[in-house]
Amino acid sequence: MAAKSDEPQPHPPKEQLPNISYCITSPPPWPEAILLGFQHYIVMLGTTVIIPTSLVPQMGGGNEEKAKVIQTLLLVAGLNTLLQTLFGTRLPAVIGASYTFVPTTISIILAGRFSDSTANPVDRFKRIMRATQGSLIVASTLQIVLGFSGLWRNVVRFVSPLSIVPLISLVGFGLYEFGFPGVAKCVEIGLPELILIVFFSQYLPHVIKAGEKVFVRFSVIFSVVIVWIYAHLLTVGGAYNGKAPKTQLSCRTDRAGLIDAAPWIRVPYPFQWGPPSFDAGEAFAMMMASFVALVESTGAFYAVARYASATPIPPSILSRGVGWQGVAILISGLFGTANGSSVSVENAGLLALTRVGSRRVVQISAGFMIFFSILGKFGALFASIPAPIIAALYCIFFAYVGAGGISFLQFCNLNSFRTIFILGFSVFIGLSVPQYFNEYTAINGYGPVHTGARWFNDIVNVPFSSEAFVAGCVAYFLDNTLHRKDSAVKKDTGKQWWNKFRSFKGESRSEEFYSLPFNLNKYFPSV
């Protein structure tokens, strides 16, 4: 018997991630919480700036319009993050701009009715913006209905640890094109940032024991400030004078054109671009984008719950969060951001890097978003951080989210051929199908489905271009149809670990993490 006890024991599965410094309900001290909140604000700025920078010029807007759209996006993100952390899932999830809605917006930009070349570009910008607003307002109803009616709850009830792995993994890893390709646009800035953040967050804490927590928690601020100053010195020193315009745009710190164009103080308001215009086809296309964002956000919510050291999220709570995400898309449509809202994947990765999953920190970051959206010049200063620096951060954050998905395999039986098939096939198809769709689009300028009805093309092309959507759907379908009656299958997929979390009342810890504030649970009971 003695020889037996020397054998290595497997690592026991953990429903809550250990070694988190502050979980959802335990806020850090105020000074630290404010700095951590500011760090979340810096991280969400990346997507908030990148999307309008690519869309607004195509719509006909200049720097001034771009600055206004970024301000509006910031304000909307702040409001939506507050709503989600207070009344939605109550997870520390930042709700920000989403790449999922970009293809649909571009197809609205290319619509025939906006191709009048004689029109004033700013008028054209406003007309397109109003069209995107109309389609976002209609599309928001999809998530509002699915979420608040509890329909999404019934879908999520059939999710197991096995079927969630491909979804979460590709929510993170599927964004690989925003990682190193972005860093490489200006290697001399992007690469030092990537090396520094790995050094600050992973190596330095083990060398300098005294400041261990400081380096883990604030590695983003340290590395960004150092590289930003270095980039500024390169710019001022004339390192990019006479270089190609593309290089200048990526590398220079004075190229964004935002600081000059941003007003000192401006409060974005609903319908600031005029009354929205509605088009049925475009609204349906945007609905499909909204559904893809819904599936991706479901995976992101699970990752956020993991990194906030909460228990797996009960289906009814997830459904409530989806309803509020629908409200977020509605608010985006009312204010006119040219983009829908979904869970910010990079901020989910930041929770893992800092090991702080506190709800208060994310609410403070929402405060920063609202504050800097009104004080335009200050907001524009931070928004002019060169894109390669942000891309280097993405390499870390998206990797964390992807690995968070893989960590759910601890509940599954990896010696079962059924598990191996579902896992391997769904991840492979999830990478392979979007690769075909994206490659086809890059070469031909339009997707594989190319009919006269642009909205129909979007309804098919957009979902199949999303790695997480394809992998998640394939895994969900296979897991719920392959030999379901077999009793061993439930054990293999890890279902028995999650059974007690399937209803809100089934586990006492759910109450602690997910119950509504202000005694609202009495009026809106979770099932």
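## Disulfide

One disulfide is counted, the term standing for a pair of cysteine sulfur atoms within 2.5 Å. The partners are C186 and C251, whose sulfur atoms lie 2.0 Å apart. The link of C186 and C251 is right-handed, with 120° about the S-S bond. It connects distant parts of the chain, 65 residues apart: C186 sits in the loop between helix 8 (180-183) and helix 9 (187-207), and C251 in helix 11 (residues 245-251). Helices are DSSP runs of H or I with at least four residues, numbered from the N terminus.

C186 is buried at 1% relative accessible area, and C251 is buried at 0%. Buried means under 20% relative accessible area, with a 1.4 Å probe and protein chains only. C412 takes part in no disulfide; the nearest cysteine sulfur, that of C473, is 18 Å away. C412 is also buried, at 11%.

## Basis of the model

This is a predicted model: local features need pLDDT of at least 70 and side-chain atom pairs pLDDT 80 or more, while totals for chains, interfaces and linings use all residues. Residues are numbered from 1 along each chain as its sequence is written, and side-chain values use heavy atoms, leaving out hydrogens and water.

## Nonpolar cores

The largest nonpolar core has 134 residues, and Y41, V220, Y302 and Y514 have the most contacts inside it. Helix 13 (residues 280-307) gives the most to this core, with 14 residues. Such a core is a set of buried Ala, Val, Leu, Ile, Met, Phe, Trp, Tyr and Cys residues joined through side-chain atoms within 4.5 Å. Another core, of six residues, lies apart from it and includes V76, V327, I331 and I370.

Methods:
Buried means under 20% relative accessible area, exposed over 50%, partly exposed in between (1.4 Å probe, protein chains only). Helices (H or I, at least four residues) and strands (E, at least two) are DSSP runs, numbered from the N terminus.
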